[in-house]
Every structure is written in structure tokens, then in C-alpha cells.
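Here's a walk through one structure, from its overall layout down to a single side chain. Have the 3D view open as you read.

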Amino acid sequence: MYNFELVKPSTLQDAVAALKSEDAQALGGGQTLLPTMKARLAMTEQLVALSGIDEIKGICTDDDGRICIGGATTHTAVAEGATGYPALASLAARIGDPAVRNRGTIGGSLANNDPSACYPAGALASNATIVTNAREIDADDFFRGMFETALDEGEIITEVKFPVPEKAAYEKFIQPASRFPLVAVFVAKFSDGVRVAVTGAASDGVFHWSEAEEALSSDFSEDAVKSLTAPDAVGMISDLHGDGTYRAHLVKVMTARAVKAAV
Amino acid sequence: MTKVTMTVNGKSRTADAEGRTLLVDWLREGLRLTGTHVGCDTSQCGACVVHVNGAPIKACTALAQELDGADVTTIEGMANADGSLGAVQQAFQDYHGLQCGFCTPGMVMSAAALLKDNPKPSEADVRHYLEGNICRCTGYHNIVKAVMAASGQEVAPVAAE
């Protein structure tokens with residue numbers, strides 16, 4: 001790893017100021033960024049650690065009943081603390097392995113937007129609001145393709161607000177070597193419709209499976225999914241673990257399983 | 001270089017760290033605590049697991065400067081006060097939970113973290129919890145037996161006996 005200066009602000013204000021300097025990079029839990037830097041696929045002059053900022057950690061419920069999670073909250077803390085949204089707590093409890101979950105954060109995962117990460121599916125299916133130091137961004141506008149988001153340079157995710165669905169489940173077909181999903185689907189049934197978000201499948205990252213959303217909004221059942229044609233394999237990731245057709249097939253299978261598991 | 005101080009296995013320890021110095025390198029090079037191993041160096045294998053403020057983390061994927069002031073327990077801190085093996089370590093020996101031993105420090109630290117939260121895990125709990133610790137020798141069966149035994153539960157004898 002190339003050397004850098006580590007900065008450890010204890011307030012959001014100081015972190016925002018530190019990230020204004022040229023070639024500064026925010027560090028969440030580091031479970032992706034540090035391996036990437038060790039492989040010399042990324043480098044920076046200054047790394048700004050967000051782990052010491054207490055004001056962007058923790059879980060609460062707002063006046064609208066939304067579960068609000070601070071951007072620097074670890075996966076372990078969400079798994080244990082997001083009791084008001086069991087499907088989301090379950091998603092967090094299955095990321096990586098215990099040691100990774102003790103460091104990795106929700107803000108880091110969303111800001112990185114790995115096309116196979118778990119949290120983007122949870123945020124998109126839940127119609128979450130991503131709050132930064134500068135503004136609020138709807139999940140529908142946040143994810144912009146592989147490793148791309150609506151975040152500006154130096155913008156920090158301070159909080160993520162999740163509306164709690166009537167029923168929801170996250171079903172993950174795991175790629176056991178990386179412990180990332182090969183394909184995973186988050187289904188969330190709200191009073192005004194169903195949202196289905198898929199991760200691990202498409203090269204552009206997390207996406208809505210709109211045909212399934214439409215079908216499930218009128219009939220929330222496994223059969224409604226089974227009657228659908230799997231999404232187009234064009235645009236799906238093809239690698240040694242599975243080609244695009246296989247992944248497209250898995251989207252349908254995992255959506256049906258998520259509907260069955262939804263509580 | 002910056003001086004970094006942590007409480008390591010109950011004692012205050014100080015050593016230099018660059019910005020990029022990983023916790024595992026700070027422990028191994030700075031304090032010469034070489035029990036914590038670097039297996040893959042890509043955050044996959046779990047050989048470098050230590051406890052930081054009570055929770056297991058991969059010491060190869062954390063920065064020493066960021067953890068200034070932390071409370072760290074390494075494999076060297078797992079023995080009893082008289083120097084004899086701790087319960088988890090002894091169970092690994094009794095049940096042949098290691099062959100080459102390279103992954104063992106991480107296995108013991110993860111197992112100890114599991115037993116702290118879940119003193120009587122099922123075999124499935126053990127296998128699930130250890131999914132971030134890779135062993136290329138044992139086939140895991142004896143590791144799982146060792147953890148079950150360390151939790152005081154009944155374990156079938158090892159095949160060699």
C-alpha cells in the first residue's frame with residue numbers, strides 16, 4: 001500500500017473540511033477500500049477516517065416511523081439494533097463474516113455501490129432516503145451504475161432513512177469464496193405497491209425488476225413470480241461463477257424465495 | 001511516523017506507525033507479537049483475527065493509527081495467567097483442531113468471540129460463525145469439535161482414538 005496521511009476527525013464538520021483538500025478520500029470501515037489500496041488499485045494522499053464521528057453512528061426511529069441509521073454504523077450494530085425492520089437487520093447479519101461486520105459500515109457500502117453488495121438492494125427496495133452532509137437523495141436517484149453514485153466529491157453519507165414495509169425479505173444466493181451475493185433480491189411490500197431490488201446480477205449494479213414489482217403489486221404470491229419471464233440476460237454479469245443467463249434465472253428464483261420468506 | 005498506543009493483552013504498549021501501517025503489522029513488527037498471522041493479506045482468510053474493544057476484526061484490514069487508544073487482545077493474550085493454555089487453545093490441542101497451525105490464531109480468536117456471545121453454540125452455529133476463517137488442512141471437523149468441547153458440550157471422540 002502506498003503511504004498516506006491518516007486524519008481522524010471527531011465531528012462531521014471537521015470531516016467535511018478535511019475532505020475539501022485535494023486528493024483526500026473518506027474511509028468508512030475500510031473492508032473494501034483497504035484491500036483495494038493494498039492491491040494498489042487505489043491510492044490517496046490523505047485518508048479521512050469517519051469512525052470517530054459519534055454523531056453519524058447509531059439507530060433510531062423518526063416521527064414518520066422510519067428506521068434511521070447513521071452512516072458510520074457497523075453491520076453488526078444494524079444486525080443487532082434494527083429490530084424495527086427485521087428484513088434489514090437480517091441483511092446486515094449476513095454480510096461477509098463476523099469480523100467484516102464489526103468494521104464495515106452502511107455508509108461505506110452504499111457510497112462504494114459495489115454491483116454485488118447487499119445494502120444497495122435493501123436501500124433501493126425500501127425506497128430509502130440517503131442523507132448526506134449537504135442534502136437528501138432518494139434511493140431511486142442515488143445508484144448510478146457500477147461503483148457510481150450521486151455523491152459529489154467529499155460528500156459524506158450521514159444517515160440512511162428506511163421506511164418500514166408491511167412485509168419484506170432479502171434472499172441471497174451466496175458466492176461462497178467472496179461471501180458476496182452471486183444474485184440477491186430484496187422484496188418490500190408497502191401499502192401502495194411492491195418494490196423488488198436485485199443485486200449481484202447486472203453489470204450496472206442494483207436495479208428494480210419492474211415486471212415483478214407490477215405483478216406482485218396486484219398479487220403478492222410466489223405464483224405471480226413464477227408466471228413471469230426471467231429478466232433479459234443482456235447486461236447481466238458473466239464470469240467464471242455464472243453466465244448472464246444463469247444470473248437472470250437466479251433473479252426469478254430468488255425473487256420467488258423472497259416473496260415466500262417475506263414477513 | 002506517529003506514536004500509537006494501545007492496551008494490548010492488558011498492558012499499555014506503544015510503537016511507531018505510518019498512516020498505512022496495518023494493525024497486524026503494528027502488532028508483529030512494532031511489538032514483535034508474531035502470534036497473529038498474515039495469511040492471505042486480502043481480507044479473506046481470517047488468520048489475523050484479533051479482538052478490538054471486545055469484537056473480532058481482521059487485523060490486516062484495519063489501520064493502526066485509527067485504533068490509537070483501543071483495547072486489543074491477541075492470541076498471546078489467550079493463555080491462562082500461569083502460562084498454561086486457555087480453554088479454547090487446550091481444546092484445539094485435545095481434539096486435533098490444527099495441522100500446520102497457520103490459521104489457528106485466527107480460529108482461536110474467532111471461536112473465543114463466538115463463545116463470549118453464545119456460550120453453548122450448536123455445531124451449525126460454530127460452522128456458520130467460522131465462515132470467515134479458512135483452514136486448508138483440517139477439513140474443519142476437528143476445529144468444530146474443539147470449539148464444541150471448549151464450550152463444555154459433549155463431543156464425539158476424535159477419529160485417531
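Chain A splits into three pieces in the domain assignment: domain 1 covers 5–49, domain 2 covers 54–162 and domain 3 covers 167–261. Keep in mind that this is a predicted model.

Now for a strand in chain A. Strand E6(A) spans residues 129–132 and is covered on both faces. A:Thr129 and A:Val131 sit on one side, A:Ile130 and A:Thr132 on the other, and all of them are buried.

What does E6(A) pair with? Here are its two partners in chain A, side by side.

The link from E6(A) to E7(A) is a hairpin through 3 residues.

Next, the interface. On the chain B side 24 residues are in contact with 27 residues of chain A. Together the two chains bury about 2100 Å², with 54% of that on carbon and sulfur atoms. Three residues stand out: B:Arg20, B:Thr61 and B:Glu66 supply 30% of the area chain B buries against chain A, more than any other three.

The rule picks up 3 salt bridges between chain B and chain A, and one of them joins the side chains of B:Lys58 and A:Asp97 at 2.7 Å, N to O. It also finds 13 residue pairs in polar contact. As for which element of chain B gives the largest share of the side touching chain A, that's strand E4 of chain B (residues 55–58), with 4 residues.

Finally, zoom in on A:Arg103, in the loop between helix H5 (98–101) and helix H6 (106–112) of chain A. Is A:Arg103 buried or exposed? Its relative accessible area is 14%, so A:Arg103 counts as buried, the cut-off being under 20%. Leaving out residues up to four places away in sequence, A:Arg103 touches A:Gly29, A:Gln31 and A:Thr74 in chain A, plus B:Ile57, B:Ala62, B:Glu66 and B:Leu67 from chain B. With B:Glu66 there is also a side-chain to side-chain polar contact, at 3.4 Å.

Conventions
Residues numbered from 1 in each chain as written. Chains lettered and ligands numbered in written order. Predicted model: local features only at pLDDT ≥ 70, side-chain atom pairs only at ≥ 80, totals over all residues. Heavy atoms only, no water. Buried < 20%, exposed > 50% of the residue type's maximum accessible area, 1.4 Å probe, protein only. Helix = DSSP H or I, 4+ residues; strand = E, 2+ residues; numbered from the N terminus. Pairing = 2+ DSSP bridges. Domains from an automatic or database assignment. Contact = heavy atoms within 4.5 Å. Buried area = accessible area lost by both parts, 1.4 Å probe. Salt bridge = Lys/Arg side-chain N within 4 Å of Asp/Glu carboxyl O. Polar contact = N/O pair within 3.5 Å; in protein donor to acceptor, adjacent residues only side chain to side chain.
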